[in-house]
Number of protein chains: 2
Amino acid sequence: MQALGQHLLVELRDCNKILLNDLKMTEAFMVDAAKEARATVIGAHFHEFSPHGISGVVIIAESHLSIHTWPEYGYAAVDVFTCGDVLQPSVAADYLVKKFESKNPSLIEVRRGTLSLDGRALPHKPSEEKL
Amino acid sequence: MQALGQHLLVELRDCNKILLNDLKMTEAFMVDAAKEARATVIGAHFHEFSPHGISGVVIIAESHLSIHTWPEYGYAAVDVFTCGDVLQPSVAADYLVKKFESKNPSLIEVRRGTLSLDGRALPHKPSEEKL
């Protein structure tokens with residue numbers, strides 16, 4: 001079974017609450033995390049909520065990174081969704097653990113789009129193949 | 001254990017390939033799915049890739065929906081991430097299964113931000129609580 005996408009569900013617990021409520025820092029960390037993983041950043045969209053909490057998405061050529069923060073609980077839910085063989089999504093996860101100063105992180109890895117192709121190779125975007 | 005977020009990982013297999021490669025339709029389906037689930041849409045950001053494939057995110061006040069399509073395999077990876085008690089994320093998932101004509105969908109539900117609060121209630125955004 002080969003997979004089209006690699007999806008990391010990262011639980012950042014016991015983080016620095018001030019950082020989790022700082023829109024500019026959160027956006028910078030997420031964009032930098034994408035770059036650390038060698039992703040090509042296409043766009044970043046972040047929003048601040050009242051009374052606190054930030055949601056944001058970094059769209060990359062190889063899929064996306066997202067974050068939702070609950071500063072009041074010192075918690076953030078991060079997703080790193082990538083495709084292709086070049087990227088190293090765990091590098092992005094490690095980077096965010098460090099930057100948000102999470103003292104109790106955990107990670108689940110999910111393989112998305114597992115297809116049975118009878119041994120055929122699984123090109124990411126096969127240019128030669130027509131729909 | 002209570003959870004801050006509810007996260008559906010939806011595997012849409014055996015979809016209509018033409019729809020999976022239609023940027024406008026994909027965006028419309030995703031925004032409508034958010035609305036069907038009673039989410040408040042804040043923004044939508046969609047991109048088309050060469051030779052085919054679409055990535056997009058709908059940012060909602062209650063978190064996000066995302067999609068990555070591989071038309072060449074008739075497959076899309078959808079995530080529906082919500083918080084709060086009002087939304088019905090499975091309604092969004094069901095809506096997308098129908099719209100993309102997936103003949104072989106599957107779904108994993110992940111509870112994000114499970115916190116042990118010793119029986120205390122878990123307010124989503126407690127306005128009275130300071131950081």
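This is a predicted model: local features need pLDDT of at least 70, side-chain atom pairs count only at pLDDT 80 or more; totals for chains, interfaces and linings use all residues.
On the side of chain B that touches chain A, strands S1 (2–12), S2 (41–48), S3 (54–60), S4 (63–70), S5 (75–83) and S6 (106–115) each supply at least two residues. By class, that side of chain B has 25 nonpolar, 16 polar and 7 charged residues. The interface also holds 4 salt bridges; one of them joins A:Arg112 to B:Glu11, with the closest N and O atoms 2.5 Å apart.

The extent of the interface is summarised below.

| Interface of chain B and chain A | Value |
|---|---|
| Residues from chain B | 48 residues |
| Residues from chain A | 48 residues |
| Buried area | about 4,100 Å² |
| Share of buried area on carbon and sulfur atoms | 66% |

Within chain A, 6 strands form an open antiparallel sheet in the order S2-S3-S4-S5-S1-S6. Strands S2 (41–48) and S6 (106–115) of chain A each have a single partner strand, so one side of each is left without a neighbour in the sheet. On average, neighbouring strands are turned by 10° against each other, direction ignored.

Strand S1 (residues 2–12) of chain A runs antiparallel to strand S5 (residues 75–83) of chain A, and 8 bridges join the two. A:Leu12 stands opposite A:Ala76 in S5 of chain A. Helix H3 (residues 89–99) of chain A packs on the sheet, where H3 touches S1, S4, S5 and S6 of chain A, and its direction makes about 5° with that of S1. Helix H2 (residues 23–36) of chain A lies across S2, S3 and S4 of chain A, running at about 155° to S2.

How values were computed: Residues are numbered from 1 along each chain as its sequence is written. Chains are lettered from A and ligands numbered from 1 in the order in which they are written. Side-chain values use heavy atoms; hydrogens and water are left out. Two strands pair if DSSP finds at least two bridges between them. Helices (H or I, at least four residues) and strands (E, at least two) are DSSP runs, numbered from the N terminus. Axes are lines fitted to C-alpha atoms, for helices over the stretch in contact, and angles run from 0 to 180 degrees between N-to-C directions. Contact means heavy atoms within 4.5 Å. Buried area is the accessible area (1.4 Å probe) that two parts lose on being put together, summed over both. A salt bridge is a side-chain nitrogen of Lys or Arg within 4 Å of a carboxyl oxygen of Asp or Glu. Ala, Val, Leu, Ile, Met, Phe, Trp, Tyr, Cys and Pro count as nonpolar, Asp, Glu, Lys and Arg as charged, and the others, Gly among them, as polar.
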